[in-house]
Amino acid sequence: NAILPIVAMIGLDIGIFMSGAVVVESVFGWPGIGQLAWQAIQRLDIPIIMGVTLVAATGIVLGNLLAEAGDRAGAVAQLEQVTAANPSHADAWFNLGFLHDQEDRLADAERCFRRAVELRPSHDRAWYGLGLSLAKLGRLEQAAEKLEEAARLQPMNPYAAYQLAGVWHKLGQPEKLRAEYARVKRFDPKVAERIRLEFGITKK
């Protein structure tokens, strides 16, 4: 259940793999398909622009088809090609991390999520994914830190709140668990009630 919000968003994210590449690669002078596209736009080099658009569209369509067909290995290979061609794209790293997490390759998932948050510190879903991976690896203190960041960036995300409450429960932090329950209760009473029942919070 914890991974459902990532599943819901992955299709949307695949469509924007190339969106940040132009700006990041141009600003930092990193070679890649984004910089190539920007230079082609400046020169009005239509064949290069069309080629970059075709490559991006092909990657997106192929990634979607592979994911829908259940070919995770193919989707991983496709995303690895995208990150190799465009190492500055946070969403590509995020989605690759998601697929590694689905295959229980947690060390690889952690690496990809970490790369995503390095590239875009405001990527709340990457912080969430990183927190989940760390929790699965049993590194609960680190997981709590990452999930807190996800909740800070997206305060009304009930999934991050639920996972954070679970981590506080496992760490034996009843005050923090109760504080998270009270916070969630303000914006999502159903998730708050689930937290209360599952983690044994007594009503005052």
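**Rings and core**

Trainee: The charged end of Arg125 sits over which ring?
Mentor: The test asks for NZ of Lys or CZ of Arg within 6 Å of the ring centre and within 35 degrees of the ring normal. Arg125 is 5.3 Å from the centre. The ring belongs to Phe94.

Trainee: What kind of model is this?
Mentor: Residues are numbered from 1 along each chain as its sequence is written, and side-chain values use heavy atoms, leaving out hydrogens and water. Local features need pLDDT of at least 70, side-chain atom pairs count only at pLDDT 80 or more, and totals for chains, interfaces and linings use all residues, in what is a predicted model.

Trainee: Phe94 and Phe113 form which kind of aromatic pair?
Mentor: Rings of Phe, Tyr and Trp (its six-membered ring) pair with centres within 6.5 Å; planes under 30 degrees apart are stacked, over 60 edge-to-face, the rest tilted. Here the centres are 5.9 Å apart, with 50° between the planes. So the pair is tilted.

Trainee: How far apart in sequence are the parts this pair ties together?
Mentor: Helices are DSSP runs (H or I, at least four residues), numbered from the N terminus. Phe94 lies in helix H6, Phe113 in helix H7. So the parts are apart by 19 residues.

Trainee: Is Phe94 buried or exposed?
Mentor: Buried means under 20% relative accessible area, exposed over 50%, partly exposed in between (1.4 Å probe, protein chains only). Phe94 has 0%. So Phe94 is buried.

How values were computed: Helices (H or I, at least four residues) and strands (E, at least two) are DSSP runs, numbered from the N terminus.
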